[in-house]
Amino acid sequence: DGGVGGTADSEILARLIKLETENKKLKSLAEDVKKITNNVNQLISRMSALEKGVKAPSNTSASQISQKSEEKPKKKDDDDVDLFGSDEEEDADMLKIKADRLKMYEDKKAKKPGVIAKSNIILDVKPWDDETNMKTMEDKVRLVTCDGLLWGASKLVPLAYGIHKLQISCVIEDEKVSVDWLQEQIEANEDLVQSVDIAAFNKV
């Protein structure tokens, strides 16, 4: 009996040791599972935090992009206004420059002497008869003077019956001297001059 009892105790002891060993393994496994669970939870928390962190900047970037896109047209409008204003200033400056140049040109043109229109005239001055003093008649003709009148050469041309006519040239400025006026002034010497005719008329 003592041998049987000893064997039974040994088996029980062996089972207890085995159970204790298995229990330790289970505890160790439970701790490992707990650690793994904690690690998983930490990973989940980190992933959530990362997702929130990525999402928030994304929203911020979108907001910034939207704000920038709204600001850009505004800036463009400002630029357009500035450019338009610059164009107006340039146009005003150009108009002023053109006006100044035009005024300078007109002033210069007004001061610059223009081409003076002149005419070369040959007059036939006829006396009443052959007794008329032709030298005196020529002197009377040359006494007709005014600004723009310049007497030239003269000669006596025979007509008929010993009568000569005085042919005399002159240059006149068209704006200052009238041919009709010149004829009237010469014909005013009624005691010497019968008539005055234009023998030649040429523009100088």
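**View 1. Cys170 and Cys146, the cysteine pair.** Cys170 is buried, at 1% relative accessible area. Here buried means under 20% relative accessible area, exposed over 50%, and partly exposed in between, with a 1.4 Å probe and protein chains only. Cys146 is partly exposed, at 27% relative accessibility. The sulfur of Cys146 lies 9.6 Å from its closest cysteine sulfur, that of Cys170, which is too far for a bond. Cys170 is likewise in no disulfide, with the sulfur of Cys146 as its nearest at 9.6 Å. A disulfide is counted when two cysteine sulfur atoms are within 2.5 Å. The count is zero disulfides.

The model is predicted: local features need pLDDT of at least 70, side-chain atom pairs count only at pLDDT 80 or more, and totals for chains, interfaces and linings use all residues. Residues are numbered from 1 along each chain as its sequence is written, and side-chain values use heavy atoms, with hydrogens and water left out.

**View 2. Overall layout of the protein.** The secondary structure comes to three helices and four strands. Helices (H or I, at least four residues) and strands (E, at least two) are DSSP runs, numbered from the N terminus. Along the sequence the pattern reads α-β-α-β-β-α-β. Of the 204 residues, 17% count as buried. Among contacts (heavy atoms within 4.5 Å) between residues at least 6 apart in sequence, 69% join residues at least 24 apart.

**View 3. The open sheet.** Four strands line up as β2-β3-β1-β4, with antiparallel pairing. The edges are β2 (149-160) and β4 (193-203); each has a single partner strand, so one side of each lacks a neighbour in the sheet. Direction ignored, neighbouring strands are turned by 20° against each other on average. Two strands count as paired if DSSP finds at least two bridges between them. In general, strands of a sheet pair through backbone hydrogen bonds, either parallel or antiparallel. Strand β1 (residues 118-127) meets β4 in the antiparallel sense over nine bridges.

View 4. Helix α3 (residues 179-187) lies across β1, β2, β3 and β4, and runs at about 150° to β4. Axes are lines fitted to C-alpha atoms, for helices over the stretch in contact; angles run from 0 to 180 degrees between N-to-C directions. Helix α2 holds Glu138. Glu138 counts as buried, at 17% relative accessibility. Residues up to four places away in sequence aside, Glu138 touches Ser154 and Leu166.

**View 5. The largest nonpolar core.** A nonpolar core is a set of buried Ala, Val, Leu, Ile, Met, Phe, Trp, Tyr and Cys residues joined through side-chain atoms within 4.5 Å. The largest one has 20 residues, and Leu123, Val125, Leu149, Trp151, Leu182 and Ile186 touch the most other members. Elements giving two or more residues to this core are β1, α2, β2, β3, α3 and β4. The most come from β3, with four residues. Ile186 touches Leu123, Val125, Val141, Val144, Trp151, Val193 and Val196, not counting residues up to four places away in sequence.

View 6. Leu143 sits in the loop between α2 and β2. At 62% relative accessibility, Leu143 counts as exposed. Leu143 and Gln185 are 42 residues apart in sequence, yet their C-alpha atoms are 9.7 Å apart in space.

**View 7. The hairpin of β2 and β3.** Strands β2 and β3 pair in the antiparallel sense over nine bridges. Val157 stands opposite Lys165 in β3. The hairpin has two residues between the strands, and Tyr161 takes a positive phi near 55° there. Tyr161 is not a glycine. In general, most residues other than glycine have a negative phi. Tyr161 belongs to the loop between β2 and β3, and is exposed, with a relative accessible area of 79%.
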